[in-house]
Amino acid sequence: KFVIRVGLLSCVIFQIGFGLAPTYSSALCARLAMGFFNGILGASRAMLPDLYPPDEQAAAMSLITAMWNLGQIVGTAVGGLLAGFPKSHPYLVANVFGSTLAALAMIAVELFIPGKSKRKKKKTG
């Protein structure tokens, strides 16, 4: 849950930084930082056994992949529609929209994902 929190927070902060970037190099640095601090996909796949019974895990894993791919398609389309205004920062509106979705996802994580693992730890030794 901590990795998902950090990943979503990095999306909020660095997407706005990307939208406000005055130069290509600063935009590249913001995008690099967002990717560096973002491990949402791996963490969500690792949490899956804690959240779903074994007979539902395959469907849940495919749902994670499907939503990720849908986000790639819809996000690109929405970003293209929102890009261009204001002229001083043409990508700001699209990135604020994405940051808002990430902030809403942070709220959903806090409300719906349990904090502690339900799996029993194996004894070693």
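Author: Here we go through a helix, some salt bridges and a surface patch.
Author: This is a predicted model, where local features need pLDDT of at least 70 and side-chain atom pairs count only at pLDDT 80 or more, while totals for chains, interfaces and linings use all residues. Residues are numbered from 1 along each chain as its sequence is written, and side-chain values use heavy atoms, with hydrogens and water left out.

Reader: Ok, H3 then. Which residues are buried in H3?
Author: Ile40, Ala43, Ser44, Met47, Leu48 and Asp50 are buried there (under 20% relative accessible area, with exposed over 50% and partly exposed in between, using a 1.4 Å probe and protein chains only). They sit on the same side of H3, because they cover an arc of only 160° around the axis, taken from the directions from the helix axis to the C-beta atoms. Helices here are DSSP runs (H or I, at least four residues), numbered from the N terminus.

Reader: Why would residues three or four places apart point the same way?
Author: An α-helix has 3.6 residues a turn, so such residues do that.

Reader: And what covers the buried residues of H3?
Author: The cover includes helix H1 (2-20) and helix H4 (57-82), going by contact, meaning heavy atoms within 4.5 Å.

Reader: Switching topic: how many salt bridges are in the whole structure?
Author: A search finds two, where a salt bridge is a side-chain nitrogen of Lys or Arg within 4 Å of a carboxyl oxygen of Asp or Glu. Glu110 pairs with Lys1, with the closest N and O atoms 3.8 Å apart. That links distant parts of the chain, since Glu110 is in helix H5 and Lys1 is in the segment before H1, 109 residues apart.

Reader: What about Glu110 and Arg5, how far apart are the closest N and O atoms?
Author: For Glu110 and Arg5 the distance is 2.6 Å. Salt bridges that share partners join Lys1, Arg5 and Glu110 into one network.

Reader: Is Glu110 buried or partly exposed?
Author: Glu110 is partly exposed, with a relative accessible area of 41%. Arg5 is partly exposed too, at 36%.

Reader: Last one: which residues make the nonpolar surface patch?
Author: Phe97, Leu101, Leu104, Ile107, Leu111 and Phe112 make a patch of about 660 Å². Patch residues have over 30% relative accessible area and no salt bridge, with like charges joined within 9 Å and nonpolar side chains (Val, Leu, Ile, Met, Phe, Trp, Tyr) within 5 Å. Ile107 lies in helix H5 (residues 92-112).

How values were computed: Helices (H or I, at least four residues) and strands (E, at least two) are DSSP runs, numbered from the N terminus. Accessible areas come from the Shrake-Rupley method with a 1.4 Å probe; for residues, only the protein chains shown count as cover.
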